[in-house]
Amino acid sequence: VGLLPGVRLPPTPPPAPALPLNLMGIINTLVAVHAHELFIDGAFNADPHPGNVLLLDDGRLGLIDYGQVGRLSLQERAQFAKLILALANKDEAEVVRVMTQEMGYRTEKMDPKILYRMAAFYNDNDWPAREKGLNPMAYMDWLNHADPVISVPREYVMTGRLALMLRGFANAFAVDLSLAKAYRPYAQRAVSLAAAAAAQSNQK
């Protein structure tokens, strides 16, 4: 464990920057690092809130406090990747199919419209909450009232937390982030890795 010299993002009050800030570059790097951890490594920090992200003196990012680490098997990564790709393609039917048939989500009514909104809110973007004129916390309550959740696979609770943390970071800088689009190339790679592993296993 070493000292990382830098400042917290977003600083309050913000000091005069010592170097030009490429805000989108910072956000893209932050998302890319966590996407690689999630889809390729299968072990990811689920708590990248602004207090855990430092802007180093040389412009690099310093990530601290890996106290909440999620882990996914290759099969679980492939399942989640299929969900992300369906969200990126706005394929409502495929989103619901993957959630219920592959990932094991269960709600009282199994309402496909609510399931799609749930998937989009927890894994992609804030548009479902904005459409209802609700803040994220109020929207979570609305979702659970509309179609109460019976079970969410434990391994995917942390992926949802990661998505909310990354979007919260972007929102702090007034950036509207679509994680499904940002995750897409990593999700495609995860599906390919799982397919290759399955093919290799079948050859044995």
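A residue counts as buried when its relative accessible area is under 20% and as exposed when that value is over 50%, with partly exposed residues in between. In this predicted model, A170 has a relative accessible area of 0% and is therefore buried, whereas V149, at 35%, falls into the partly exposed class.

| Residue | Relative accessible area | Class |
|---|---|---|
| A170 | 0% | buried |
| V149 | 35% | partly exposed |

A170 belongs to helix α7, and, once its neighbours within four places in sequence are set aside, it is in contact with I27, V175 and L177. The C-alpha atom of A170 is separated by 25 Å from that of L72, a residue 98 places away along the chain.

Helix α7 (154-172) is also one of the elements against which the buried residues of α8 pack, together with α1 (23-41), α2 (74-88) and α4 (112-123). Those buried residues of α8 are L179, A180, Y183, A187, A190 and A194. Helix α8 itself covers residues 179-203, and because 25 residues at 1.5 Å a residue should span 36 Å, the 36 Å between its end C-alpha atoms agrees with expectation.

On the surface, V149, V152 and V157 make up a nonpolar patch whose accessible area together is about 200 Å². Within this group, V149 is located in strand β7, which comprises residues 149-151.

Note on methods
Residues numbered from 1 in each chain as written. Predicted model: local features only at pLDDT ≥ 70, side-chain atom pairs only at ≥ 80, totals over all residues. Heavy atoms only, no water. Helix = DSSP H or I, 4+ residues; strand = E, 2+ residues; numbered from the N terminus. Expected span 1.5 Å × (residues − 1). Buried < 20%, exposed > 50% of the residue type's maximum accessible area, 1.4 Å probe, protein only. Contact = heavy atoms within 4.5 Å. Patch = residues over 30% accessible without salt bridge, like charges linked within 9 Å, V, L, I, M, F, W, Y side chains within 5 Å. Areas by Shrake-Rupley, 256 points an atom, 1.4 Å probe, with all protein chains shown as cover. Salt bridge = Lys/Arg side-chain N within 4 Å of Asp/Glu carboxyl O.
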